[in-house]
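Subject: Structure handover

Hello,

Here is the structure for you to open. My notes follow below it.

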Amino acid sequence: MSVITERAATATPPPKAPAARRKSLLARSNWRTHIVLIISLVVMIYPLLWLVGASFKPEDQIFSTWDPLPLHGFTLSNYTSGWNATGTSFTVYIANSLVISALVVVGNLLTCSAAAYAFARLDFAGKKFWFGLMLSTLMLPFQATMIPQYAIFYKLGWVNTFLPLIVPYFLAVDAFFIFLMTQFIRGIPRELDEAAEIDGAGHVRVFFSVILPLLRPALITTTVLTFVWTYSDFLRQLVYLSDNSKYTVPLGLNAFVDRTSGSSYGGLFAMSVVTLLPMMAVFLIFQKRLVDGVASSGIKG
Amino acid sequence: MASVNTDQRVAAPGPSATVRDPKPRKRKKHKHNRAAYAFLTPWLIGVFGLTLIPMVYSLYLSMTNYNLLTSPTWIGLKNYTLLFQDPNFIQSAKVTIEYVVFSVPLKLGAALLVAVLLNKKLRGLSFYRSAFYLPSLIGASVAVAVMWQQVFSQQGLLNEFLGVFGIHGQDWIGQPSTALWTLILLSAWQFGTPMLIFLAGLKQLPKDVYEAAELDGSGAIRTFVKITLPLLSPMIFFNLVLETINAFQTFTPAYVISGGQGGPIGSTLLYTLYLYQKGFGSLEMGYASAMAWILFLVIGAFTALYFATARKWVTYGD
């Protein structure tokens with residue numbers, strides 16, 4: 001690399017021609033790039049558009065054309081019929097999902113930030129070891145602890161309740177957010193801590209009045225990502241919930257799939273769209289934050 | 001760089017930037033022990049109660065027959081020997097390896113390609129970024145699996161589209177030869193997350209290197225291979241590890257698209273699906289625990305392999 005920078009320093013660019021050539025080249029290739037990107041985007045997003053359009057089509061037209069627009073008969077009947085098709089109203093499913101997601105968000109926000117504060121700011125014995133352990137749990141597949149956790153929760157009588165889906169998140173089990181927040185806190189200048197300490201603040205005060213307010217962007221990212229991941233989590237909910245009335249949105253939709261034996265795709269599609277709506281809303285409102293949060297998670301330090 | 005005498009610890013500035021006296025032994029005074037452990041208590045309970053102890057328990061269970069209702073009965077390594085003779089296990093291992101081997105490069109390749117395209121100071125960049133990220137956000141959901149199933153079914157979207165050109169498409173989901181590929185494509189479809197990471201990495205690349213390369217007359221491809229790729233290698237590594245681990249854990253699409261069966265004829269029987277069937281379908285939890293440990297070790301082996309070979313091709317910034 002140093003060789004290249006050396007040669008760059010010594011080379012003198014000839015004046016006009018290459019500059020003009022570069023400019024027109026860029027303009028042309030940008031135009032082509034846009035075409036490529038737009039075509040790729042259309043191809044990728046098309047199935048979603050088709051799904052939404054199909055949910056508004058009468059049953060017999062769903063598979064007869066591939067254009068997404070319900071041009072020959074717009075109907076809401078798929079939505080009304082699908083809503084209660086599994087025997088339990090989708091309202092119940094949505095309510096269950098929202099309750100669980102909200103509680104998990106709270107759990108993550110509280111416990112992951114506390115742990116992150118310790119890792120980022122405090123000096124204690126075994127810090128490196130614990131931090132390494134925390135990082136390595138990031139790479140642990142859920143399957144590694146799925147069965148023994150189930151056995152433990154079974155003995156506690158928590159199976160078929162929401163408890164196994166919520167309580168772990170009050171124990172900072174989502175190491176990803178601990179890591180995210182630790183990195184974020186490291187970027188907060190220590191002078192602010194020290195100023196508060198001089199005023200007589202202990203760690204708890206510093207945490208609540210100095211760190212947490214400044215942690216707000218990371219807290220929002222945590223909230224959004226936690227909500228999305230919990231709302232669409234399937235396996236964990238599949239394992240623990242067996243009563244239809246306790247089903248969450250993914251389980252409810254899956255129950256619908258089981259009943260659809262080639263006859264009522266309209267309702268299935270309509271309910272699929274319904275389940276995607278909260279995520280789409282989150283996406284539209286928080287897209288910048290999501291994108292920034294994901295992008296920065298790959299940059300170390 | 002000052003030479004570090006292992007006998008003397010001249011400590012680097014600690015949290016409150018005080019210089020400690022050099023002491024001959026490693027006895028550092030940790031100032032915040034009590035506070036730290038207070039803040040860490042929830043996590044510590046979680047790490048022990050939900051991770052470490054369960055993993056040990058799982059190891060124990062893997063050497064028993066256990067159906068949750070009665071106590072585990074010890075059988076030693078029998079589960080493991082049974083595993084390797086179980087045709088379904090072997091099938092699920094083959095299917096999963098195939099899935100990982102194809103989906104990860106496809107996903108990362110698409111992510112890299114689009115990231116490079118988007119890196120050109122385009123107008124509408126933030127729109128493109130968000131739009132390509134959307135599938136990643138919703139991709140793991142049941143709804144998307146449902147949608148995907150209907151895109152590739154006999155009467156589905158893809159075949160309707162092909163029909164416009166007079167091509168009669170087959171039942172992509174129902175044919176053993178193509179069923180897994182619909183899952184692989186679904187995974188690749190969600191390239192948004194690694195793409196964002198690549199894009200962020202590309203933005204950080206030093207511009208002067210590129211200008212120099214252009215002056216040298218380096219073509220786009222040569223520049224890409226000789227400059228961009230090495231500079232991006234930490235991101236590539238990060239994404240590789242992350243996406244491989246994710247790929248091994250894939251469950252929802254396989255379950256929903258095959259109706260929990262892993263069909264047709266086991267062609268979509270991902271390892272996690274078979275594990276689920278064994279653990280929660282037939283309540284053979286000892287067997288499933290053995291499967292879980294093998295999965296853990298395989299993922300660990302892949303990760304270790306990545307880290308071990310990283311030195312050869314990952315170059316961190318100067």
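Among contacts in chain A between residues at least 6 apart in sequence, what percentage join residues at least 24 apart? The figure is 74%. Two residues are in contact if their C-beta atoms, placed from the backbone, lie within 7 Å.

First, the ground rules. This is a predicted model: local features need pLDDT of at least 70, side-chain atom pairs count only at pLDDT 80 or more, and totals for chains, interfaces and linings use all residues. Residues are numbered from 1 along each chain as its sequence is written, while chains are lettered from A and ligands numbered from 1 in the order in which they are written.

Chain A
Chain A has 14 helices and zero strands. Both are DSSP runs, numbered from the N terminus: helices are H or I, at least four residues, and strands are E, at least two. Of the 301 residues in this chain, 41% count as buried. Buried means that 20 or more other C-beta atoms lie within 10 Å of the residue's own; exposed means 12 or fewer, and partly exposed is in between.

Take Ala54(A), in helix H2 of chain A. Ala54(A) is buried because 27 other C-beta atoms lie within 10 Å. Setting aside neighbours within four places in sequence, Ala54(A) is in contact with Ile62(A) and Phe269(A). Asp67(A) is 13 residues from Ala54(A) in sequence, and 9.1 Å away from C-alpha to C-alpha.

The interface
Here 78 residues of chain A contact 85 residues of chain B. Several helices of chain A give two or more residues to this side, including H2 (16-55), H4 (90-121) and H14 (265-297). By class, the chain A side has 57 nonpolar, 18 polar and three charged residues. Ala, Val, Leu, Ile, Met, Phe, Trp, Tyr, Cys and Pro count as nonpolar; Asp, Glu, Lys and Arg count as charged; the others, Gly among them, count as polar.

Chain B
Helix H4 of chain B covers residues 125-138. H4(B) bends by about 25° at Phe132(B), with Pro135(B) following within four residues. That bend is the angle between axes fitted to the seven residues ending there and the seven starting there. Phe132(B) and Pro135(B) are among the buried residues of H4(B).

Phe198(B) sits in helix H8 (residues 192-203) of chain B. Phe198(B) is buried because 28 other C-beta atoms lie within 10 Å. Leaving out neighbours within four places in sequence, its contacts include Ala111(B), Leu112(B) and Met235(B).

Best wishes

Definitions and conventions. Expected span 1.5 Å × (residues − 1).
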